[in-house]
Every structure is written in C-alpha cells, then in structure tokens.
Amino acid sequence: MVQEIRLVPEDLIPRVVGRYSPVVVDRGEGIYVWDIDGNRWTDFTSGIAVTNTGHCHPRVVQAIQEQAGKIIHAQANIFAHEPMMRAAVELTSTLPANLNQVFFTNSGAEAIEGALKLAKIATGRPAVIAFRGAFHGRTHAAMTVTTSRAKVRGHYEPLLPSVYHAPYPYVFRSPYKGPPEDADLHYFAELKQLFDTTVMPDDVAAILMETVLGEGGYIVPPARWVQNVRRLCDEHGILLIMDEIQSGMGRTGKMWGFEHFGVTPDIMTVAKGIASGMPVSAVVSDRAIMDKWAPGSHGGTYGGNAVGTAAALATLQVIEDEGLVDNAARMGRILMDGLRDIQADHPVIGDVRGLGLMVATEFVTEDGGPNAAAAAKVIASCMEQRVLLLTCGTYDQAIRIIPPLTVNEAQIVEFLAVYRRAVAAI
Ligand SMILES: Cc1ncc(COP(=O)(O)O)c(C=O)c1O
C-alpha cells in the first residue's frame, strides 16, 4: 500500500527560497491561479513578470506538448533545430537591424553572464560600469553588477573586480537641488565623473543598464539620460548592454523598453516573459560582435532547449497575434489613471510611476521617507482578498503591479477596487 506523504514546504524547500504567499498552487489560467483547496487567486505578480501571455496560454501549452513528443533535448553544440532557429527569427524580427543573432541561455543571470563575457571578448577591455539600484541576478558576475539590496551580494565577497557603479536616475528621490526635470543631467555628470576619478574609459568594455529599473523600484529613467549614456558609449567605444529581462517582451507597452527612449543597445539580454515560464533567456547582439566569440569560449548544456524555444516561438507569436503590446499600453493607462485617483485620496502613496503594465506605487511616510510598513499592509490586505502582489525597491517601499499582458479592462477595474480598499485600510 502506498502511504500518503504529508508535503510540508518548510521541511522540504530551503529557507533561502522565501515564499511571498501561503498559496500551494495547483493550476493556472490567464490572470488566475487555483490553490490545492480549489480557491481562485488573482495573480498580479505574473510569476515576477514572466507569464506575460497569462498562465498556461493554450497555444504555448500546445507548442510545448507537441515539441516534447518530437525531441526534448536537441543539444545546441550537437544539433541545430527548427524551434531554436524559428524563435531566433521571430525574436530578431521585433528588433532593430543590429540585434540579429541570438545566443540562447536558461535564466536571466546566465544571460547577464553571457552579455558581460561577450562585451569583454568583443572589446578586449576588462571593466564594466553598472548602475546603483539595479538587479541583474544572483550568479557571481550578476550579483557583482547588482546593487538593489545589500543582501543579494552581502557575505559573498570577494566579487568580480573592475566593476564600477554610477547612480541610476531615481528622480523621485533625487539628492540634487534644482528643478526635477534637470536632475538627469546631474546623474549623467556623476557617471561621467567616473572617467575623471575611477576608471579610464578605454578600459571599459560595457555600460550595463536596466532599461527600466525593476527590483530596484520600477524607476523609469528620463529619455535624455538614456540618450546621453548611449552617446557616451559611442564616444569611447564602450558597448551598451540593455537588460530587458523584466522590461522586455511587451511589458512596458512597447515590445522593448528601449523603444521609449529612441536608443538601441549593442547587446540586449532577455529572459522572464520570453517563453511564458519555460526557463529560456538570451543574449542578442550584432553578428559582427558575436563573431568575436570563438567556438567553445562560452556555452552551456541546455541553452536553446527544443521545448523551451518552442514555447518562446509560441509566446512571441501569441504576443503579436493577440496584440498584447498594444493591450499592455491601453490597460496600463487605465491602471495608472486609477492608481493616480487613489493617490489623490491617499497621500501615503507618494508616487505612481511606470510604463505600460510595468507599474508601481511608492509608499511614503509623513516626512516623505520610504514607507515599507504601509506597502506591507497593502500587500497583506490584498492577499486577504486573494489578490497577489509583490513589492520592489531597496526598502520594499513600492508595490509593483504587473498583471499578465492579457488582462482586460474589467479585471483592471476589479483590481483597482481591491487596491483602493487596501490602501484606505492602512
Ligand atoms: C532586470 C533583471 N535582470 C536579471 C534578472 C535575473 O533573472 P533570473 O532570476 O532569471 O536569473 C532579473 C530577475 O528578476 C531581472 O529583473
């Protein structure tokens, strides 16, 4: 007789996994998941900005099922295969002409590792500049360029050498005097100052930028700052890497975050939403840059997995066929308007910001400081109403609102009512 085993997450899964909700999930569909007791939850976390096509989109499920029945592991050093190549075609068709080759990997951090290694090989230079507040992942190189929270990198030193940090333009909390619309110039001056004080520009392989700051607080940079960084890279032969892992795949109401700023990166990293939850990521660049990567100087066993890239292909097609980028822009406007209405009645919300469906509200204390306690209360109160949300920001002072891009107006309106009640209850 098979004995029934009681499954206790705390006994089986290490503490480091730190769960945000009590839900033991059974299945998902669209913006909803169901727990093992049959309760329905609204998932406005999208599995940390991954399920952009909604949970278990039927076309993605079908692509996975069909591919799994043909070949699962078509190792990329041994075989080329159609799902990988077709996913590369579909992905690059959404990108500017200089982003035309795709190196598939398995996670965001791995894509960051690849992008940094590619930049070093392509330029022959050792150093990297990243921005304070950014999150790029948890492997050794990725956590070295990460400064969203000390606990991501703390107690893991020594980290990678020759990594320098400049401030990201968090204009809402700008330390600079003068009009906020000029704050970006101060932030840019601090970046440039690194070349006077800390590192020679011709030692710098890459400047690595989150197009929109994600874990660090959903901060949208001023367009002029992004353009100035691009110009600085061109002046000094530095490659601009844009991390689109959270901001890409239609999340911001454009396919790629950088489209909002009129710039193009030399190297882009993409993950999360690319395959609707299958572990797929990619480094995308120009063939002239990629050609400098000699065979065998980078790689991995699973990158370009057949089932994963079949899911990526289906995801890209669903995003296009269902107009999900436009939907993100439209739903994002309704969401932001609704949140600003709530802010008008509740000054505990100090800032409503974002692009498309990459939106956050920042909570403030009476003297304007970060108010993590308020954010935590709102999260808890939404959870009581079976709506799942995540915080962001160094102090967990902001709540990010990132539903699947398939969300409709009625669902946004329903969410806003829940959120208003939660904020009012603080
Ligand atoms: C912008 C950004 N880069 C990189 C990563 C790391 O991705 P992964 O957790 O898949 O390694 C994340 C994850 O949150 C991210 O938001």
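Where is Asp 396 found in this structure? The points below take up that residue among others.

1. The model is a predicted one, in which local features need pLDDT of at least 70 and side-chain atom pairs count only at pLDDT 80 or more, whereas totals for chains, interfaces and linings use all residues. Residues are numbered from 1 along each chain as its sequence is written.

2. Asp 396 is found in the loop between strand E14 (390–392) and strand E15 (398–401), where helices (H or I, at least four residues) and strands (E, at least two) are DSSP runs numbered from the N terminus. The phi angle of Asp 396 is near 60 degrees, a positive value in a residue other than glycine. Asp 396 counts as partly exposed because it has 19 other C-beta atoms within 10 Å; a residue is buried if 20 or more other C-beta atoms, placed from the backbone, lie within 10 Å of its own, exposed if 12 or fewer, and partly exposed in between.

3. Ile 48, which lies in helix H2 (residues 46–49), likewise has a phi near 60 degrees, a positive value in a residue other than glycine. Ile 48 is partly exposed because 16 C-beta neighbours fall inside 10 Å. A further backbone point concerns the peptide bond from Glu 157 to Pro 158, which is cis, with omega near 5 degrees; Pro 158 lies in the loop between helix H7 (150–153) and strand E6 (163–167).

4. Helix H14 (residues 409–424) has 16 residues that should span 22 Å at 1.5 Å a residue, and this agrees with its end C-alpha atoms, which are 22 Å apart; the expected span is 1.5 Å times one less than the number of residues. The buried residues of H14 are Ile 412, Phe 415, Tyr 419, Ala 422 and Val 423. Seen down the axis of H14, these buried residues fall within an arc of 90 degrees, so they line one face of the helix, the arc being that of the directions from the helix axis to the C-beta atoms. As background, an α-helix has 3.6 residues a turn, so residues three or four places apart point the same way.

5. The face of H14 turned away from its buried side carries the exposed residues Ala 410, Val 413 and Ala 417. The elements covering the buried residues of H14 include strand E3 (40–43), helix H12 (324–345), strand E11 (349–355), helix H13 (372–384) and strand E13 (387–388), with contact taken as C-beta atoms, placed from the backbone, within 7 Å. Ala 424, also in H14, is partly exposed because 13 C-beta neighbours lie inside 10 Å. Ala 424 and Val 348 are 76 residues apart in sequence, and their C-alpha atoms are 9.6 Å apart in space.

6. Two of the strands that cover H14, E3 and E13, belong to an open sheet of 4 strands with the order E1-E2-E3-E13 and mixed pairing. Strand E1 (25–29) and E13 stand at the edges with a single partner strand each, so one side of each is left without a neighbour in the sheet. E3 and E13 pair in the parallel sense over 2 bridges, pairing being assigned if DSSP finds at least two bridges between two strands. Within this pair, the bridge partner of Thr 42 in E13 is Val 387.

7. Strand E10 (residues 281–285) is mostly covered, with 5 of its 5 residues buried. Ser 281, Val 283 and Ser 285 point one way from E10, while Ala 282 and Val 284 point the other way. Strand E4 (residues 101–105) pairs with E10 in the antiparallel sense over 5 bridges, and strand E9 (residues 267–270) is joined to E10 by 4 bridges, also antiparallel. Val 284 of E10 is the bridge partner of Val 102 and of Met 268.

8. In helix H3 (residues 58–68), the buried residues are Val 60, Ala 63, Ile 64 and Gln 67. These residues cover an arc of only 95 degrees around the axis, which puts them on the same side of H3. They pack against helix H4 (82–92) and helix H11 (306–321), whereas the face turned away from the buried side carries the exposed residues Pro 58, Gln 62 and Gln 65.
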